[in-house]
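Try each task before you read its solution.

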Amino acid sequence: MSRPTETANLYEPVSLDDFSEILKNNEKVVAYFYTSFSYECKITKPIIRSLAYKYKDILFFLINVDRYVDIADEYGSIKRRNEGYACLYKRYSRSKVVLFQHGKSKAEISSLDHYAAYRFNPYEMYEQKISTIFA
């Protein structure tokens, strides 16, 4: 079973099998794929934590792509480069949020760059996407 962090619905995965089973058995899951060295990830991680407090009916996962390589490869479309450093979309490291419903990927938010186009702050961007997809 996954280890909970500070809220009842914010977790870190234990293994690929565990994460796969959780996706199958839960209606709404938000998976945040991040690296420890990306500035975007340092901005996004607290946003995801805040959203986990707000949306108690959704399971949130924090997935470090360098620690959980198999989960990142299977569910996050993460490509590896340069001795194992994570690379999202064959460019450079960025945070990525994947919204799963009934075990299937329904939406992805791949970068904070998009929020400028919508004139949202990052929290509002993630909140709007989550509430729209899981409405």
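A residue is called buried when its relative accessible area is under 20%, exposed when the area is over 50%, and partly exposed in between. Keep in mind that this is a predicted model.

**Exercise 1.** Decide whether Glu21 counts as buried, partly exposed or exposed.

*Solution.* Start by finding the residue: Glu21 lies in helix α1. Next, take its relative accessibility, which is 41%. Because this value falls between 20% and 50%, Glu21 counts as partly exposed.

**Exercise 2.** Find the residues that form the negative surface patch, and say which element gives the most to it.

*Solution.* First, list the members: Asp17, Glu21, Asp70, Asp73 and Glu74 make up the patch. Then look for elements that give two or more residues to the patch; these are α1 (16-25) and α3 (69-75). With three residues, α3 gives the most.

**Exercise 3.** Which strands pair with β4, and in what sense?

*Solution.* Begin with β2 (residues 10-12): this strand pairs with β4 in the parallel sense over two bridges. Here Leu10 stands opposite Phe60. Move on to β3 (residues 28-34), which also pairs with β4 in the parallel sense, over six bridges. In this pairing, Ala31 has Phe61 of β4 as its bridge partner.

Terms used: Residues are numbered from 1 along each chain as its sequence is written. This is a predicted model: local features need pLDDT of at least 70, side-chain atom pairs count only at pLDDT 80 or more; totals for chains, interfaces and linings use all residues. Side-chain values use heavy atoms; hydrogens and water are left out. Patches are made of residues with over 30% relative accessible area and no salt bridge: like charges are joined within 9 Å, nonpolar side chains (Val, Leu, Ile, Met, Phe, Trp, Tyr) within 5 Å. Accessible areas come from the Shrake-Rupley method with a 1.4 Å probe; for residues, only the protein chains shown count as cover. A salt bridge is a side-chain nitrogen of Lys or Arg within 4 Å of a carboxyl oxygen of Asp or Glu. Lys and Arg count as positive and Asp and Glu as negative; His and the chain ends are not counted. The place of a charge is taken as NZ of Lys, CZ of Arg, CG of Asp or CD of Glu. Helices (H or I, at least four residues) and strands (E, at least two) are DSSP runs, numbered from the N terminus. Buried means under 20% relative accessible area, exposed over 50%, partly exposed in between (1.4 Å probe, protein chains only). Two strands pair if DSSP finds at least two bridges between them.
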